[in-house]
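Work through these exercises with the model open beside you. Try each task before you read its solution.

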Amino acid sequence: MKTPQLETLIGVYYHQDFETVWGTLDDYLAHSAATERAELVDEIGGILVTLSNDAEIDRYLDSLGNCVDCSKEPGGYRGWLEEISRRVRAHLADA
């Protein structure tokens, strides 16, 4: 599964020393091109279709270096990726 934009978001922005979950996403949005953001939305959609449960999503994100723990959050990792996608789409619409 090729997900270069998700790999960048997770590996660079959510790898270790991030401040807040949504502030970190804002940093990514500020430093990425519109084409990269659109690719991220597509990649997240593919992940959510391909990986059927939260444990699979967690394992995949861990393989990218994810340091965000969504295991106890409503919606889990699937919900987190859905919200990232929603926020990125909103940012694209505002641009």
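**Exercise 1.** Which residues are buried in helix 5?

*Solution.* Start with the ground rules. This is a predicted model, in which local features need pLDDT of at least 70 and side-chain atom pairs count only at pLDDT 80 or more, while totals for chains, interfaces and linings use all residues. Residues are numbered from 1 along each chain as its sequence is written, and side-chain values use heavy atoms, with hydrogens and water left out.

Next, the terms. Helices are DSSP runs of H or I, at least four residues, numbered from the N terminus. Buried means under 20% relative accessible area, with a 1.4 Å probe and protein chains only.

Now read off the list. The buried residues of helix 5 are G76, Y77, G79, W80, L81, I84, S85 and V88. Their cover includes helix 1 (4-13), helix 2 (21-31), helix 3 (34-50) and helix 4 (54-63).

**Exercise 2.** Check the span of helix 5 against its number of residues.

*Solution.* The expected span is 1.5 Å times one less than the number of residues. Helix 5 (residues 76-94) has 19 residues, so it should span 27 Å. Its end C-alpha atoms are 27 Å apart, which agrees.

**Exercise 3.** Describe how helix 1 and helix 3 pack.

*Solution.* Take the geometry. The angle is about 95° and the axes are 7 Å apart. Axes are lines fitted to C-alpha atoms over the stretch in contact, and angles run from 0 to 180 degrees between N-to-C directions. Angles of 65 to 115 degrees count as roughly perpendicular, so helix 1 and helix 3 are roughly perpendicular to each other.

Then take the residues. Contact means heavy atoms within 4.5 Å. Helix 1 brings P4, Q5, L6 and L9, and helix 3 brings E36, E39, L40, E43, I44 and I47.

**Exercise 4.** Where does Q5 lie, and what does Q5 contact?

*Solution.* Q5 lies in helix 1. Q5 has a relative accessible area of 9%, so it is buried. Beyond neighbours within four places in sequence, Q5 touches Y28, E36, E39, L40 and E43.

**Exercise 5.** Is R37 buried or exposed?

*Solution.* R37 is found in helix 3. R37 is buried, because its relative accessible area is 7%. Setting aside neighbours within four places in sequence, R37 contacts Y28, L29, S32, V88, H91 and L92. The C-alpha atoms of R37 and H91 are 8.8 Å apart, though 54 residues separate them along the chain.

Methods. Helix = DSSP H or I, 4+ residues; strand = E, 2+ residues; numbered from the N terminus. Buried < 20%, exposed > 50% of the residue type's maximum accessible area, 1.4 Å probe, protein only. Parallel < 35°, antiparallel > 145°, perpendicular 65-115°, else oblique.
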